[in-house]
Amino acid sequence: MSLALSVGLLAAGGTFLLFQRGMIRIILGFVLLTHAVNLLIISAGGTARRDAPFIGGDTSMAADPLPQAFVLTAIVIAFAITVVMATLAVVSRDDDDTEVETEAEAKTEEDKGDSGSLPERGESA
Amino acid sequence: MGRNAGWLAAIGLGSLAAVVGFRVPGLLSDGNLSVIKETTPWMPTLDISLGLRLDGLSALFLIIVLGIGALVMAYSARYMSERIVHPHTGYFAWMLLFAFAMTGLVLSDDLILLFVFWELTTLCSFFLINRSGEKASAPAVRTLLVTAMGGLSLLFAVVLIVVRTETTVISEALASNVWAEDAGFTAGISVLIAIAAMTKSAQFPFHMWLPDAMVAPTPVSAYLHAAAMVKAGIYLLLLFSPALAETPVWQVLLMSTGLLTAVMGAIFAMRRFDLKEIMAYSTVSQLGLIVALIGVGTASALATAALYTLGHALFKASLFMVVGIIDRQAGTRDIRILQGLWRKLPATFITTLLAGLSMAGVFPFLGFISKEYLLGKILSTGEAGWVGAALVAVAVFASATTFAYTARILFGAFSNYRGSNREVEQDQDHSMNETVREAKPSFYLSALTPALLGLILGPAISILHPLTGAAGSAAAGSIYDASFKLFGGFTVELVLSLSIYAFGILAITQRRSLDTFFERRYLGFQAIDVVEAIRLGAIKLGTKVGDTTRTDRPLGHLAAPWVIIAVLTVVSLVTIGNLGDLASAEEPWTDLVWLGLLAVTVIPAVFTKFRLVAIILVGAAGFIVALWFFSLGAADVGLTQLLVELLTVVALVLILRRLPKVFHAVSRPRQLMTGLMAVSVGVVATLATFAFTGRRDISPVGQHFLDEAYKDTGGTNVVNTILVDYRALDTFGELTVIAVAGIVVIGILRSRKVLGEITPDISNWANTALGRTVDNTLPVRMVAKWAAPLIVLLSFHLFFRGHYEAGGGFIAALVGATGFGLAYLGATSDSKAPIAWPYRGLLASGVIVAVLSGVWGFAVGSFLKPVRFDIPLPWGGEYGFTSAMVFDLGVYLAVLAIIIAVLNELGGVREAQKEPRSVAGPVLVAREFLEDREAQPSKVPASLGSSEDQDSDDEPGMNGTSEGGNK
C-alpha cells in the first residue's frame, strides 16, 4: 500500500509542477512524474519478492528482472530529456518563462483572422 | 513543339475514336445487349479487379469523349497563343489525362474503379481551371468543393451497394435482387446517385459552379463543360437506370430537378452579356432536359436521352469553340460591344448558325429530332394524362426560351444587339478590335465539323440507330431497337415543335422588353454567395475546433488527457469486478519510512517559491526513490537512479545561475485548479497501482529469464543480461536517443544566445567566498586528487563485473562522469573548468562501437547476437568474455560523452555577456569582448554563441586556439 501511496504522491506532485509556469518547474514536474511511473513499472513486477535477481544462489524470492530492465532504460532516457529541457530553459530572451503575455497573444490571433477569405469573384447567378 | 502538340493529340484521340466507331458494328452484330469485357486482378484481398466493359452505352460516350476531344485538341493547336510555350505542356497533359479519366469512367465495370475515375475527373477539372491565372483559384476551389461533395455522395452509394450486393462488379450489382426487394435501400441509393450526378452535371441546386468555371480557357470549357465532364453525370444516371428507373423517388427527383434546371438555366442565359456565360447556362439548361428525360425511365426515353446527349455534345462543343474564335478574332465576348460580325467572320457565322439551329431544335437538324422525341416521351409519362401535359408545358417553355437565347447569341455576336438600353462601360479591355479578320481554316474547321455533323445526321439519322439502340438497351437493361425518324407524321410532337418556333419568334421580336424584364434582380443573393458562405463557415468552424489546443502552454495540452483519465477512473471504479488477492499482505516497516520521507521532500518542493530549494528537494526525492528501488530488490536500478539523480541536480544547478531566484507568480485560481487536477491524478495513480499490481506471482517471462539467463548468456546479473543480450536492440535504440540528445544540446547552445549569468549585487566582491575562488575550491580539489584515480578504477571495475554482479555499462559510465563533475566543482574559474575531451566524437564512437559489436553478431547468426569465448587470466582461471561487453563499451562511451557535453556546454565559458540580467546587443557584446581582451589577455576569448559563429572545434578549453573567426 505504501508503494501505491508513494506513486500517487509523486504523480500528484509531478503533475502539479508540470502545470506551472516556467521551465524549471516543468522540468522538476517531469522528473517527479518519471519517478512515479518508474515505481509503477517496478511494482508491476510484484512487491512480494524482494531479492536482487542474481543467479547463483536461491532465486525463489528474486524479484522480476524484466521491469527492472525497462526502468533502467527509462531512467537514462529521462535524464537525456531532462538535459535537453534544461538547455531549452536558458536560451530564451529573459528567463525561463513559458507563457506569453496576453496582449501579445491577442495580437497574433488578430493576424490570423483573415486567412480564410478569397479574392473577388466574377458575377454569376 | 508548343501549341502544335494539339495536332498530335488530335490525331491520337481521333484514331481512338475511329477504332471505337468501327468496332461498334462488330460489337452489336450479336444483338443489342452484347458486351465486351476484360478483367485484371487489382486488389485480390478485397476482391476488386480492374474490370472493363464495352457495351452500347460505353461506346456512345467513348465516341463523344474521344471524338470531341480530338476536335478540341485540334482547336487548341490554333487557339493557344504562340508566344508562351511553357504553360502549354501542362495544359495538354491535363487535358489528355482528363480524356483518359473519362475513358476509364465509361469503360469501368467495377464500382471502385468507377469512383476512382470519377474523382480523377474532378481533380483534373480543378487543375485545368486553377492554372488559368490568379483570379481562377477561387472558382476552381468552389468547383472542387461542389464536385467533391458529389464524389462523397457517390462513395456512400458505392459502399452501400458493395456491402449489400456483395460484389463490386457493376454488371452483377445492377442485376441483383436487392433493387426489387428493398424499396428503402433503392430509394436511398437513388438519392445518393442523383446527387452525385447533379453536382457533376451542374443541376439545381449545384449549378453555380459551371458559369463560375468559365474563367478557364475556352478549349477547356469546350471539352469539359460541354462534352465530357458534365456528361459524366449523365453517364452515371444512365448506368444506374437498369436498377433504379422504376423507383418513384428517382423519377420524381430527376424530372423535377431536370425541368426546374432547364427553365432556370434558360432564363439566366437570357440575362447574360458574356457569350461564354450564356453558353454555360445553356449547358445547364440542356442538361436539365436530358436529366428529366432520364427520369422518365422507359427504354425509348433512355435511348432518346442518349441521342440528345450526342446531339448536345456536337452543337455545344461547336458553340464553345465559336465563342473562342470570336474572342480571338474580335477581342471581346460581350454581345453589347460586338457588332456586324456576320460580314467579317462569315465562316464562323455559318458555324454558329448551324450549331445554334440544332440547339434550338429547328428542322432538319439532329437537335430537332432529339427535341421532338424528348417532348413526346415527356408527354407520355405518368398514368394520368394531365401529368404529362403539365410536364411537357414546362419543357416547351424551356425550349422556347432556348430558341430565344439562341437568337440572342446569333444577334448579339454577329449583328446588332438591340436589347436593353444599359450603358456599357467602354474601357480598353472591352472594346472590339479595329480590324476583325476571319479565322484561318485550321482554326474554325474544328468548330465547323461538329456543327456540320449536326446538320448531316438529322436526315441521316438511321446511321445512328445501332449506336443509340445499343445505348438505350444497355441503359434500360432490355433489348431496344432504336427507330428515330426525321419526320414521323403530323403528331402531337410536331405541333409542340411548331409552337416552340412560334413562341421563339415572338420572343425575338419582343426582345427589348423581354430583356428589361429578365434583367431585374429578383433575389438578394446569388447561388455563388451560398457556396462561399458555406466554405468560409467551414473554415471558421475548423479554426474554432483547433482553438481548443492552439496553445503553447503545457497546461492547455494536458487538460485533455487529464479529463480522459478522470473519466476512465470513474468508469473503472464502477465496472471493475474481482481483482484477485494481494500476493503478500506483509509490508516491511521500511516502506513506510520511505513513504514518509517522500512526503517530506515532495510536498515542500511543490509549494516552495525558490528555485534552489525546489531543485534540492526534488533531488532528495530522487534519492528516496533510489532507496525504494533498493528495497524492492532492484540493485542495478537503484544505483543508476542514484547516480542519475546526482547528475540531474548538477545539470540543473549549472543553469540555475542564469535564472532568477524565485519562480514566476501564478494566480490563485490557477493554483487551486491545477492543485485539484494534480490531486485527482495522484488519487488515480494510487488506486491504479493498488488495484492492478501485486496480485499475481512472478510473470512467466521473468521466471524464464531467471531460469535460462546463465545458460543462454553466461552472465549471472539477470537484469544486465536482459539489457545487453536478450534485448540489446532496445538498448541500442536508447543509445541512439542519448547520442541524439547530446547533439541536440550542443546544437541548441551553439545556435542560440544563452542567458547570461546573474551576478549578485555585492559591494566587496573580492573578500567573499565567491570572490576567492582558489581558496574556496581547495577542499574539493584535494579530494578530487585522491578520488579521481579511485573513481576511474571503480568505473572500470563496475564495467567489467557488470555481467555477473551489479554494474554494467550505464552505471560505470555514470560513475566515471561523476568524476568529471567533481573536476568541475573543483575548478577555480569558468575558463579553467572545461574538460578538453572531444565529446562529440565520443558520442559518435559510442554508437559506432555498438553497431560494430552488433555486426560481429552476424558471425553467429544475427545482429547483436552475443559471441562468447573464454579468456584465460594471468592469475589462473578464465574470464568469460562476450561481445555484449563490446556493446556495453559503446553504451559506456555514449553515456560518458553526453554527460561531459552537458557539463561543458551548460557550465562552460560559452556565455553571451558578462552583464547581469540584461541581454546586450551585438555591439555591446563586441565592445565587452574587446575590453576583455585588453584587460586579461590570458583569459580565453569566448565565442559569443550567436549563430554566425565559427564552429571549428568543440573544445573551448584550449587556450589560444579558439579565436573568433569572423568578427
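Lys711(B) and Glu708(B) sit three residues apart in helix α29 of chain B, so about one helical turn separates them. Their side chains meet in a salt bridge, with N and O 2.7 Å apart; the term stands for a side-chain nitrogen of Lys or Arg within 4 Å of a carboxyl oxygen of Asp or Glu. Side chains of opposite charge can pair when their charged atoms come close. Lys711(B) counts as exposed because its relative accessibility is 59%, while Glu708(B), at 22%, is partly exposed. (Buried is under 20% relative accessible area, exposed is over 50%, and partly exposed is in between, using a 1.4 Å probe and protein chains only.)

Before going on, a word on the ground rules. This is a predicted model, where local features need pLDDT of at least 70 and side-chain atom pairs count only at pLDDT 80 or more, though totals for chains, interfaces and linings use all residues. Residues are numbered from 1 along each chain as its sequence is written, chains are lettered from A and ligands numbered from 1 in the order in which they are written, and side-chain values use heavy atoms, leaving out hydrogens and water.

Back to α29(B), then. Helices here are DSSP runs (H or I, at least four residues), as are strands (E, at least two), numbered from the N terminus. At Asp707(B) the helix bends by about 45 degrees, the angle between axes fitted to the seven residues ending there and the seven starting there.

Which residues of α29(B) are buried? They are Gly702(B), Phe705(B), Leu706(B), Ala709(B) and Thr713(B). Their cover includes α30 (718-726) and β3 (868-872) of chain B, along with α3 (65-89) of chain A.

Chain A turns up again in a salt bridge between Asp697(B) and Arg49(A), whose closest N and O atoms are 3.8 Å apart. This pair crosses between chains: Asp697(B) is in the loop between α28 (668-692) and α29 of chain B, and Arg49(A) is in the loop between α2 (23-44) and α3 of chain A. Asp697(B) is exposed at 55% relative accessibility, whereas Arg49(A) is buried at 12%. Elsewhere in chain B, Arg272(B) pairs with Glu277(B) in a salt bridge at 3.6 Å between the closest N and O atoms, and both residues are buried. The count of salt bridges over all chains comes to 14.

Now step back to chain B as a whole. It has 37 helices and four strands, and 53% of its 967 residues are buried. Take the contacts (heavy atoms within 4.5 Å) between residues at least 6 apart in sequence: 76% of them join residues at least 24 apart. The chain exposes about 42,000 Å², with carbon and sulfur atoms supplying 67% of that; the areas come from the Shrake-Rupley method.

On that surface, a nonpolar patch of about 670 Å² is made by Trp589(B), Val593(B), Leu597(B), Phe623(B), Leu627(B), Phe630(B), Leu642(B) and Leu646(B). Helices α25 (589-607), α26 (611-631) and α27 (635-656) of chain B each give two or more residues to the patch. Patch residues have over 30% relative accessible area and no salt bridge, with nonpolar side chains (Val, Leu, Ile, Met, Phe, Trp, Tyr) joined within 5 Å and like charges within 9 Å. One of the members, Leu627(B), lies in α26 of chain B and counts as partly exposed because its relative accessibility is 32%.

Methods
Accessible areas come from the Shrake-Rupley method with a 1.4 Å probe; for residues, only the protein chains shown count as cover.
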